[in-house]
Amino acid sequence: VGFNVHKKPFDDKRVRLAISMSLDRDAFPKILRRREHPAFSFIPDGMSSYTPVDPPKYDPVAARKLLADAGYPDGKGFPSIQILYPSREDSRLVMEAIQDQLKRNLNLQFELTNQEFKVYMNTLHRDPPPIFVANWGADFPDPETFASVFVSHNSNNHTLWTDPVYDKLVSQAEAELDPVKRIKLYQQADHLLCAEEAAVAVTYNATQNTMVKPWIKGVKANRIDVMYLKDAEIDKQWTENKSSNGAL
């Protein structure tokens, strides 16, 4: 879930964090049933040994207090707002769950609106709405491909959130050769993005289900979801044994 931090009421980070803390991430894998992983950090856990540090937690009580502190006790006075999402069945299921959770946990009523993908992307680039859903996939297996999305000059940063500290942390991480120090810099940047400023409320990491025949060897999964077949081969012994038994 992304927020246009220049548009009310999401210019107040207490509102953004309240929404993030009111979302039960465990619900999404149960809805989609593809073994998705609940997520609280924009950089996926396990990406080049990355592990998030102190991410925001699901805490409706604390979320309601934050919302009250922002001037919307029990959701009173909160403006009527639509959440934009792309026209996909899985997105619709997730959005209906988010809509329900925000109503139950914060007493906020959001309307849902969807657009065909090209129109949706044009809307995000032209004039991002106050709140929307989006996703990001790795171009290469490294935290940089996620962290760089929210630096000030990145055109894919549809939240329009900018922070010089974040920019500096990502820049330092990109130049750091020590892998341990590098991960720590990305942890600080991700914590600032998701836990302190809550420019986005990350919900889950998607999965890809792939069927591989038992006589195919050398096909391996990877974190950028690209199928490399250069090491794939047919297990001739397996096929010969099954063929002789009349099972193939």
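**Entry 1: strand β3**

I began with strand β3, residues 81–86, and found that 5 of its 6 residues are buried. So the strand is mostly covered in this structure. I note here that the model is predicted.

Next I looked up the partner of β3. It pairs with strand β4, residues 110–115. The two run in the parallel sense, and I counted 6 bridges between them.

How does the chain get from β3 to β4? I traced the path through helix α4, residues 89–106. This β-α-β crossover is right-handed.

**Entry 2: D142**

I moved on to D142. I found this residue in the loop between β5 (131–132) and α6 (144–147).

Is D142 buried or exposed? Its relative accessibility is 14%. The cut-off for buried is under 20%, so D142 counts as buried.

Then I checked what D142 touches. Leaving out residues up to four places away in sequence, I listed M47, S48, R182 and Y186. I looked at R182 again, and its side chain is joined to that of D142 by a polar contact of 2.8 Å.

**Entry 3: backbone angles**

I turned to the backbone with a general rule in mind. Most residues other than glycine have a negative phi, and most peptide bonds are trans. I looked for exceptions.

Which form does the peptide bond from K8 to P9 take? I read omega near 0°, and the bond is cis. P9 sits in the loop between β1 (2–3) and α1 (13–21).

R33 was my next stop. Its phi is positive, near 60°, and the residue is not a glycine. I placed R33 in the loop between α2 (27–32) and β2 (37–38). Its relative accessibility is 71%. Exposed means over 50%, so R33 counts as exposed.

D74 also has a positive phi, about 55°, although it is not a glycine. I found D74 in the loop between α3 (60–69) and β3.

How accessible is D74? I noted 47% relative accessibility. That value lies between the 20% and 50% cut-offs, so D74 counts as partly exposed.

Methods. Residues are numbered from 1 along each chain as its sequence is written. This is a predicted model: local features need pLDDT of at least 70, side-chain atom pairs count only at pLDDT 80 or more; totals for chains, interfaces and linings use all residues. Side-chain values use heavy atoms; hydrogens and water are left out. Buried means under 20% relative accessible area, exposed over 50%, partly exposed in between (1.4 Å probe, protein chains only). Helices (H or I, at least four residues) and strands (E, at least two) are DSSP runs, numbered from the N terminus. Two strands pair if DSSP finds at least two bridges between them. A crossover is right-handed if, with the strands pointing away from the viewer, the path from the first strand over the helix to the second runs clockwise. A polar contact is a pair of N or O atoms within 3.5 Å; within protein, one must be able to donate a hydrogen and the other to accept it, and residues adjacent in sequence count only if both atoms are side-chain atoms. Contact means heavy atoms within 4.5 Å.
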